[in-house]
Amino acid sequence: MEQAGESKAIEAHLTEDRVFPPDSAFTAQANINDPAVYERAAADPQAFWAEWAGQLDWMTPWNTVCEWNPPHAKWFLGGQLNVSANCLDRHVRTARRNKAAIIFEGEPGDTRVLTYYDLWREVNQFAGVLKNLGVNKGDRVTIYLPMIPEAAVAMLACTRIGAVHSVVFGVFSSDSLRERINDSQSRVLITADGGWRRGSVVPLKAAADTALDGGACPTIEHVIVYSRTSDPGTVSMQEGRDQWWHRLMENAPARTEPEPMDAEDPLYILYTSGSTGKPKGILHTTGGYLTQVHATVKSVFDMKDEDVYWCTADVGWVTGHSYVVYGPLAAGATVLMYEGAPDWPQRDRFWELIEKYGVTIFYTAPTAIRAFMKWGTEHPAGHDLSSLRLLGSVGEPINPEAWMWYQEHIGGGRCPIVDTWWQTETGAILITPLPGLTATKPGSATRPFPGIAADVVDENGNSVPLGGGGFLVLKEPWPSMLRTLWGDDERYRNVYWSKFDGKFYFAGDGAKRDDEGYFWLLGRVDDVMLVAGHNISTMEVESALVDHPSCAEAAVIGRTHEIKGQAIAAFVTVKEGMGANSDLARELKEHVSRKLGAICRPDDILFTAELPKTRSGKIMRRLLRDIAEGRALGDTTTLADPNIVSSLKDKYENQE
Ligand code: PRX
């Protein structure tokens, strides 16, 4: 539990005593405004979730709400439904048929509006394209697209025919893409020539080609390429393997009937970093997942038909899955989708978009908020943001200063803020305010969502009394929880269930509760770094460094960073005869960036003759964190050679 910045974080939280009660006008109109919801859900969680599930369209009703054989849960057994039918067909039968489902703005300024009917038509056709290519129920499809409506079309088309998608975020490198394709054994890859980012093209097709080069992904039979950034004539296409999206759509059937899916049929795999080894394929299934993303969109975002909702996350992350695509579309919402960077062409792009489209609900990450703070208040101040009525935050703990800034400069002091805690694994929001009911405190995600049994426990699994801190655990299953890790159930048990002997789900986060039972999240207790809201494993960056011919060994840690939350610092030993100089440091940073993607590029590289290790040879990252944070060194008694850390500390403090 002694982790980077933690004691400081606890102190800061303890002195935070500002409280913002819900606004009575907001409460009066809120979807959820009866405080009894918490007790009702706690008294009978299954009845609570069944009520929400009942708001979806089922092809066959379920007969069992939840079957719990720890650590495996099954929800809504016997029930059948289709996700695309819930997100599209049921709206198309109502006045929502002509309502905007997706308002898209490309980075260069191109715009498109897809009504529910438009989206339904595209998804029907693209589902037909996949079927024509021989994709069957249960087959895996990898999606590697920019943030464009076709990403949602591809995802929904997969769900329509029962194919399992695996979306790989466009900033991931060819190596990462290849690894994810091979782990999921995908038969089809859907990509684009490129996407726009800060005025340049991110060359997705070229990266995909590198991933597939020389038969490196033997399961891939077809590559579908969407034309976004260039003249199709200039893109290299491999005969027999690659086909243009627009050509395939020309020959597609107008209708593809939604496949009845069992509630527990796989919906998607999404890879997330593990603290060791290869990425983990988080597996989500159909009925419980859709139930909970829909329930939280209605309750936490207070979604109404009139809203214009903007979640800034890329579809490559779980936030994009649950709160750009599935949750909001299941609720019949209007979703704004923006392709590019917040500072392109100017630092007011987000505020310009909010003004232009009259956005009412805005959901973003603390790392973005801290960047906005740094850029200055003149950017939001230059735009009319009065359409906003609710703000959300996700991805990491939001520091009280950023919370206050968000409330004042973006929310105009009138919008409730929902600080939502959840994970790729949890599928949907688990700890959050309900905006019509919960008094908020800057920096606290407040209380578990109704029906969620979250607790803070000590090393032995005993509940820590209010006022104390410990490990965040979930004591009962919830509908949108991961079901297993793709192809590796043993790892699923080890990673999430072994710490407390299979009794509780361990989230990997530390948390503290105040005297009123409010949760204050304290970050990861394992060796996963949280850089700009992204989980990056220390292990992955270390292996990328060691992959460089001059690098002997590396230890990587996250250190506190004002904007990104954490920045990557690497301690590196070089091989005999190699010059440890600034040129090499630059080269190593480039190397990691090429191997893993730019987000994994280390901010600092410090060369050292040796790394601090225990006698059993385990690197003591805790001490490296102390050094990087400028703290007094913790316990060094288990070190093989305690002198190493003190000389490293001197060196770190005296570097340029
Ligand atoms: O440490 C927590 C942090 O992000 C982790 C989950 O990361 P990921 O699976 O990438 O999902 C991010 C989007 C849900 C958590 O274990 N985290 C997420 N939201 C919050 C948070 N930490 C504090 N407060 C939050 N609101």
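Here is a short chat about the ligand site, one arginine and the cysteines of this predicted model.

Student: Great. Which residues come nearest to the ligand?

Tutor: Those are Asp419, Thr420, Thr424, Asp509 and Arg524, out of 17 residues around the ligand. A residue is near a molecule or strand if one of its heavy atoms lies within 4 Å of it.

Student: And what does a polar side-chain atom of Asp509 lie 2.9 Å from?

Tutor: From an oxygen atom of the ligand. Gln423 also has a polar side-chain atom 2.9 Å from a ligand oxygen.

Student: How much of the ligand does the protein bury?

Tutor: The protein buries 96% of the 540 Å² that the ligand exposes when taken alone. Those areas come from the Shrake-Rupley method with a 1.4 Å probe; for residues, only the protein chains shown count as cover.

Student: Which elements give two or more residues to that shell?

Tutor: β20 (417-420) and β25 (519-524). Strands here are DSSP runs of E, at least two residues long, numbered from the N terminus.

Student: Okay, new topic. Where is Arg483?

Tutor: Arg483 sits in the loop between β22 (469-474) and β23 (484-485).

Student: Buried or exposed?

Tutor: Buried, because its relative accessible area is 7%, and buried means under 20% (1.4 Å probe, protein chains only).

Student: What does its side chain pair up with?

Tutor: The side chain of Arg483 makes a polar contact of 2.9 Å with that of Glu264. A polar contact is a pair of N or O atoms within 3.5 Å; within protein, one must be able to donate a hydrogen and the other to accept it, and residues adjacent in sequence count only if both atoms are side-chain atoms. The backbone oxygen of Pro479 is also 3.0 Å from a polar atom of the Arg483 side chain.

Student: Is Cys551 buried or exposed?

Tutor: Cys551 counts as buried, at 1% relative accessibility. Cys600 is buried too, at 4%.

Methods: Residues numbered from 1 in each chain as written. Predicted model: local features only at pLDDT ≥ 70, side-chain atom pairs only at ≥ 80, totals over all residues. Heavy atoms only, no water. Helix = DSSP H or I, 4+ residues; strand = E, 2+ residues; numbered from the N terminus. Buried < 20%, exposed > 50% of the residue type's maximum accessible area, 1.4 Å probe, protein only.
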